[in-house]
Amino acid sequence: MRTLTALALGALMLGAVACGGPYPQSTLDPAADFGSHIDELFRWIFWFAVGVFVVVESLLLFVVVRYRARPGAPEPERVHGNTLLEIGWTLVPAVILILIAAPTMQTIFRTDGTPPEGALEVDVIGHQWWWEYNYPELGITTANELHVPQGRPVSLRLTSRDVIHSFWAPRLGGKRDVIAGRTNRISFTADSAGVFLGQCAEFCGESHAKMGLRVFVDDSVTFTQWVAGQRAAPPSADTLPDLARRGWEAFRLIRDPASNSCIACHTVQGVSGGVLGPNLTHMGSRSTVAAGALPNTAEGLARWLRDPPAEKPGSKMPRIGLTEDEIAALVAYLQLLR
Ligand code: CUA
């Protein structure tokens, strides 16, 4: 009895802890039409599952208790076939399956990713282990932090540069595979402004767990400001303060081997044109670095530059062997790229 009480209390405690929140990645709190369609379907099916569970478990418990073996009890009578029962337990599940299948099919078609009229198109490209976003309509390229306007349909065209990834921002909509050589789509209209966390949801190698993403749903004024900021030219070298100017020089330095140079992999508009890593033209405007692995602060940035594979195992960005002076200068420069 004591063991049972302890177990029950333990289970209750776990349950209570699970109710604590907040749940930044909960599909049960949708913030877009796509997420809501899935949530509605889930709730509908959930109650059928509850009904089936209650009926089956009650019958099971009843039979176990009522017909259990007792000392001296005779062999139970064997019964074969009961037409009414057999018709019943064929028909009832068939009806339940139809009630589940019809809305499921409907939801599949509603969420197939067909871009709605007037949708903002964004090309989403999965890389080991970060996300590239191109807005062809706006001429913007950014990484890891997707900005979308509230209330306007958005159509994401998903593809990969390497292995299979999966784009998933749970509160906005369902996950969808990101595959090289093909284009999958996610379309949604976000109904509330805010920051929505997401995650690569397909195992894609060593740092799969560090392939995070953030979707910023901006109201129209904020989105317009963001677009203007992303389209602005980065500061020119002669306007940079001293330290940042030295950072700009370190950024452009061709090192030995040349693959250890910033400019070999990164674009800063007007400075360099590398395409292997995230576009850094406005990286100072992002809230995190390394696909959300570190905050975009002076400390976070310095940690990343010092030893990328320590923060993100397997990272394509190597340990360049920057001096602390170079790191301080690069941090000052990158933070000005707003
Ligand atoms: Cu990309 Cu997991």
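**Reading the features of a predicted model**

Me: Which element gives the most to the lining of the largest pocket?

Reply: Helix α7 gives the most to that lining, with 3 residues. The model is predicted, so local features need pLDDT of at least 70 and side-chain atom pairs count only at pLDDT 80 or more, while totals for chains, interfaces and linings use all residues. Residues are numbered from 1 along each chain as its sequence is written, and side-chain values use heavy atoms, with hydrogens and water left out. Helices (H or I, at least four residues) and strands (E, at least two) are DSSP runs numbered from the N terminus.

Me: How many Å³ of space lie in the largest pocket, and which residues are closest to its centre?

Reply: A pocket is an open set of points on a 1 Å grid over the protein atoms alone, with protein on both sides within 12 Å along at least five of seven lines; its lining residues have an atom within 4 Å of a point. Points are joined across faces, edges and corners, and the volume is the space filled by probe spheres set on them. Here the largest pocket holds about 750 Å³. It is lined by 37 residues, and His266, Gly277, Pro278, Trp304 and Met317 are the closest to its centre. At least two lining residues come from each of α6 (262-265), β13 (288-289), α7 and α9.

Me: How many cavities of 30 Å³ or more does the search find, and which residues line the largest cavity?

Reply: A cavity is a set of grid points where a 1.4 Å probe fits but cannot get out. The search of the whole structure finds 2 of 30 Å³ or more, and the largest has about 40 Å³ of space. Its lining consists of Leu156, Phe167, Ala169, Leu172, Gly173, Gly174, Ile186 and Phe188.

Me: Is Leu172 buried or exposed, and what does Leu172 touch?

Reply: A residue is buried under 20% relative accessible area, exposed over 50%, and partly exposed in between (1.4 Å probe, protein chains only). Leu172 is buried, at 2%, and sits in the loop between β6 (165-168) and β7 (176-178). Contact means heavy atoms within 4.5 Å. Leaving aside residues up to four places away in sequence, Leu172 touches Ala31, Ala32, Phe34, Gly35, Phe188, Ala190, Phe196, Val215 and Val217. Thr183, 11 residues from Leu172 in sequence, lies 20 Å away in space, C-alpha to C-alpha.

Me: How many salt bridges does the search of the whole structure find?

Reply: Side chains of opposite charge can pair when their charged atoms come close. A salt bridge is a side-chain nitrogen of Lys or Arg within 4 Å of a carboxyl oxygen of Asp or Glu. The search finds 11 of them. In one, the closest N and O atoms of Glu121 and Arg157 are 3.5 Å apart. Glu121 lies in strand β1 (residues 120-127) and Arg157 in strand β5 (residues 154-160), so this pair ties together parts that are 36 residues apart in sequence. Glu121 is partly exposed, at 21%, as is Arg157, at 23%.

Me: What are the N to O distances for Glu311 with Arg303 and for Glu324 with Arg306?

Reply: Glu311 and Arg303 form a salt bridge at 3.0 Å; Glu311 is buried, at 12%, whereas Arg303 is partly exposed, at 44%. Glu324 and Arg306 meet at 2.8 Å. That pair links distant parts of the chain, with Glu324 in helix α9 (residues 324-336) and Arg306 in helix α7 (residues 298-306), 18 residues apart. Glu324 is partly exposed, at 46%, and Arg306 is partly exposed, at 38%.

Me: Where do the backbone angles deserve a check?

Reply: Most residues other than glycine have a negative phi, and most peptide bonds are trans. Ala290 has a positive phi near 60°, and Ala291 has a positive phi near 55°. Ala290 is found in the loop between β13 and β14 (294-295) and is buried, at 12%; Ala291 is buried, at 4%. Cis peptide bonds join Gln128 to Trp129, with omega about 0°, and Asp256 to Pro257, with omega about -5°. Trp129 is in the loop between β1 and β2 (130-135), while Pro257 is in the loop between α5 (242-252) and α6.
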